[in-house]
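Hello,

Here is the structure I promised to pass on. Please open it first, then read my notes below.

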Amino acid sequence: MAMSQPVTHYNKLVMAQLFYQGHSSFRITSNDGYVCFIDPYAGVGYQTPADLVLITHEHYDHNDISLIVKKPTTIVIRAADALKNGVYQTFFEYGFHVQAVAAYNKHHKKEESVGYLVDVDGIRLYHTGDTGLIPEMSLLKDQKIDYALLPIDGFYTMTPEEASEAAKEIQAKHVIAMHTHVGRLFDITQAMKLNVANGILMRPNDSIVLGRSNHE
């Protein structure tokens, strides 16, 4: 698999950043300094107060809100907020535009789980949540996704082979493996099975600057 290594940005924040905490947990910091956590559970890096928290579903390893340092103004969006009466909701908070999308498999009910398209500073990320390879992914190829975060543990979520097929359907500019092993923060061997030419290998505690992609 062709994978580039993440680039850690230590200088003054001039673009949005993505920090990987492990498992399915990520922290996004916008150019304006607003902070969004997705599926808090794993790793470190929760000391930064949150402006926005996105929960894809209510399994314990995706919704540990106790880790979050909340402000009086912190907004938490759960799957029940994001999917109402069968309609996937849209939110705009603190400069983050969030669109809920389908996520499901035999371990995750469609009506109780979502993924999120997150737009910030002109960059679009897709956090799938816990999902299988689903037909709805083919609808995302026109969304001009810059970064797709795909789960690959092969038991509760997609196998690396299924995720590789999902990457072809989604056609994101970059692909990042997550949820790589049940009960582990990260599994490098499993991550390397993701067969994509545009992968970025992120280990827990890695941070990347989110560059805007030039989609044709």
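One caution before the findings: this is a predicted model.

I'll start with His179. His179 is buried, with a relative accessible area of 2%. You will find His179 in the loop between β14 (174-178) and α3 (188-191). Its backbone stands out: phi is positive, about 45°, although His179 is not a glycine. Most residues other than glycine have a negative phi.

Asp39 is another case. Its phi is positive too, about 50°, and Asp39 is not a glycine. Asp39 sits in the loop between β4 (35-38) and β5 (50-54). Is Asp39 buried or exposed? Asp39 counts as buried, because its relative accessible area is 0% and the cut-off for buried is under 20%.

The largest nonpolar core has 55 residues. Those with the most contacts inside this core are Leu18, Ile28, Leu54, Tyr116, Tyr126, Ile170 and Leu210. Take Tyr126 as an example. Leaving aside residues up to four places away in sequence, Tyr126 touches a set of residues including Val101, Tyr116, Met137, Leu140, Tyr147 and Ile170. There is also a second, separate core of eight residues. Val35, Phe37, Ala50 and Ile65 are among its members.

Last, the largest pocket. Its volume is about 230 Å³. The lining has 15 residues. Which of them lie nearest the centre of the pocket? They are His23, Tyr60, Asp61, Tyr156 and Val182. By class, the lining of the largest pocket has six nonpolar, six polar and three charged residues.

Best wishes

Conventions
Residues numbered from 1 in each chain as written. Predicted model: local features only at pLDDT ≥ 70, side-chain atom pairs only at ≥ 80, totals over all residues. Heavy atoms only, no water. 1 Å grid on protein atoms, 1.4 Å probe; cavity = no way out; pocket = protein on both sides within 12 Å on 5 of 7 lines; lining within 4 Å. Points joined across faces, edges and corners; volume = space filled by probe spheres on them. Nonpolar A, V, L, I, M, F, W, Y, C, P; charged D, E, K, R; others polar. Core = buried A, V, L, I, M, F, W, Y, C linked by side-chain atoms within 4.5 Å. Buried < 20%, exposed > 50% of the residue type's maximum accessible area, 1.4 Å probe, protein only. Contact = heavy atoms within 4.5 Å. Helix = DSSP H or I, 4+ residues; strand = E, 2+ residues; numbered from the N terminus.
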